[in-house]
Amino acid sequence: MPPEKSAYALARYSRSPDSIENSITWVHGHSSEKFWEQFYFDYGHASIADLGHVVVCFEEISELAAIRLEDEPLWDGQAKSSRYQNFASSRWYVPGQIRGSETEAVYEGILRSLSEVYRLLHDPLIAHLSERDPRPESMKPADYQRTIAARAFDATRYLLPLAAKTNVGQVVSIRTLEKQITRLLSSQLPELRAIGDDLKEACRRPPVNVWGELSGQTGGLNEPLAPTLARHAKASPYQESVYADLSRHAKDVLRGTGLDQPDRWGEVESVELIDPHDPLDEVVTTLLYRVTQAPYRTLMSVVKEWSDKQKQDTIEVATRQRGPYDELIREFRCGYSFNFDILMDIGAWRDMHRHRRCQQVQQNFTTVHGYDIPPPLVEAGLDQEYRQAMDAVRRDIELLRKKDQEASLYAIPFGFKVRCLFKMDYAEAEYIARLRSGVKGHWSYRTVAWQMKQKLAARYPALGERIQATPPDVEDTLTR
């Protein structure tokens, strides 16, 4: 059944003594669009849209777009793996406004240099890893080659830019889909707005029925996927303006504090567990954190000295454009007991980004925090080539930023660091620390997960010491 009709049948099923078969029969003879217009859009019964689901695939979009696409709390999907697939031949996204200009030549130069080093490091790294960890007799050659290749890609993917093309498949409710379309259409990035338009158009059409064709079925879904949703989904003025408003506000209220200068931040930790503090201070600090690059702790020390009026002024900026159907932005989701301010490389952060049972507030991508160096490259004696490439790219990106900020954002490689605030309960902290510290994982998020456990154990010994996390120096032995 089309998702709008199946959701209609299940909604009626909950409000009728009829069996589900009778409810489906009834829906078949009535207009689902009239139902959606009345109950979903007029009455605001949003939960009924949780009952219809769609499978949507996005092909040849940028890694940056994929990150923004997946940034939904209720989202299920998978992206093309940079750990198991070779991106050497991948193309990259070019922002429309720089095509045919001198800026495009600078942009293309950055991406070509990253692509070249990505290819050059792969074979010698494979040779080093194979020599260091020879295949156990109990391990099949194909399994061994796949494992060694994954370890090599774990290191070389640090050179992949956010412009690299990728694919994403998702399974979401049509309620999440509507929020996703609204968010995409409200974005400042043209690529995301274009994807939002494509999603709306896909909802107007019948879905592709490859499986049915392969199975010899002549019929299938000939009705539009979600026509009512497509007709109503549109950009939100609140979402379009709120972060730009907050950014301008932050520059004004933080002027003179030195928070725009990294050398004034003091000691910066890769993982910091924030002390419990007043909910008002938490909301205001989180709002400012989202539009700056400073550590949470440093921002909080400034906010705590403010008057209540100064704090309320920040909240006013974050809510004044809010319409009657707009949810508060996620920065208002406060009250979690465990708040971790984490600074880590973009590639590994993408894996942490998959954790949905916590609140994540990510700062904008930047080169300000520097880059990480993959340990396997150091062990193989290949780190010098990597450093030279990343240093050159960093200089070029800073020059590109003066010409076009959007293009410079896409040019940032995965190896540069991003700061993100993770808010969670104890169960999620235990899950992340235990799962992500496992020996099969990536060294970067393994280190972060282990540090999360250590921070918890230091602050709350009875809770932290119960977490069965694995120290990052415990290595995978390749045995089964």
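Residues are numbered from 1 along each chain as its sequence is written, and side-chain values rest on heavy atoms, with hydrogens and water left out. Since the model is predicted, local features need pLDDT of at least 70 and side-chain atom pairs count only at pLDDT 80 or more, whereas totals for chains, interfaces and linings use all residues.

Empty space was examined first. Rolling a probe the size of a water molecule over the atoms shows where empty space is left. The search used a 1 Å grid over the protein atoms alone; a cavity is a set of points where a 1.4 Å probe fits but cannot get out, a pocket is an open set with protein on both sides within 12 Å along at least five of seven lines, and lining residues have an atom within 4 Å of a point. Grid points are joined across faces, edges and corners, and a volume is the space filled by probe spheres set on the points. The second largest pocket has a volume of about 720 Å³. Its lining comprises 24 residues, and those nearest the centre of this pocket are Val55, Val56, Cys57, Ala202 and Arg205. Secondary-structure elements are DSSP runs numbered from the N terminus, with helices (H or I) of at least four residues and strands (E) of at least two. Strand 1 (53-62) and helix 8 (190-204) each supply at least two residues of this lining, and strand 1 gives the most, with nine residues. For the class of each residue, Ala, Val, Leu, Ile, Met, Phe, Trp, Tyr, Cys and Pro count as nonpolar, Asp, Glu, Lys and Arg as charged, and the others, Gly among them, as polar. On this basis the lining of the second largest pocket divides into 17 nonpolar, one polar and six charged residues.

The structure holds one cavity of 30 Å³ or more. The volume of the largest cavity is about 100 Å³. Of the 13 residues that line the largest cavity, Phe87, Trp92, Ser115, Leu160 and Pro161 lie nearest its centre. The lining of the largest cavity has 10 nonpolar, two polar and one charged residues.

Charged side chains were considered next. A salt bridge is a side-chain nitrogen of Lys or Arg within 4 Å of a carboxyl oxygen of Asp or Glu, and by this rule the count comes to 40 salt bridges. One of them joins the side chains of Glu282 and Lys423, at 2.9 Å from N to O. Glu282 lies in helix 12 (residues 279-290) and Lys423 in strand 7 (residues 417-424), so this pair ties together parts that are 141 residues apart in sequence. Glu282 is buried at 3% relative accessibility, and Lys423 is buried with a relative accessible area of 1%.

Asp313 pairs with Lys309, their closest N and O atoms being 3.1 Å apart; both residues belong to helix 14 (residues 308-319), four residues apart, about one turn of the helix. Asp313 is partly exposed, with a relative accessible area of 31%, whereas Lys309 is exposed at 57%. Arg387 pairs with Asp383 at 3.3 Å between the closest N and O atoms, and both lie in helix 17, also four residues apart. Arg387 counts as partly exposed at 31% relative accessibility, while Asp383 is buried at 15%. Elsewhere, salt bridges that share partners join Arg132, Asp133, Arg151, Glu379, Lys440 and Asp476 into one network.

Asp404 is found in the loop between helix 17 (383-403) and helix 18 (405-410). Asp404 is buried yet has no salt bridge, and the nearest side chain of opposite charge, Arg401, is 9.6 Å away. Here Lys and Arg count as positive and Asp and Glu as negative, while His and the chain ends are not counted. Contact means heavy atoms within 4.5 Å; with residues up to four places away in sequence set aside, Asp404 touches Gln97, Ile98 and Thr103.

His45 occupies the loop between helix 3 (32-42) and strand 1, and His45 is partly exposed, with a relative accessible area of 32%. Beyond its neighbours within four places in sequence, His45 is in contact with Phe39 and Tyr40.

Most residues other than glycine have a negative phi. Glu60, in strand 1, has a positive phi near 60 degrees and counts as partly exposed at 38% relative accessibility.

Technical notes: Buried < 20%, exposed > 50% of the residue type's maximum accessible area, 1.4 Å probe, protein only.
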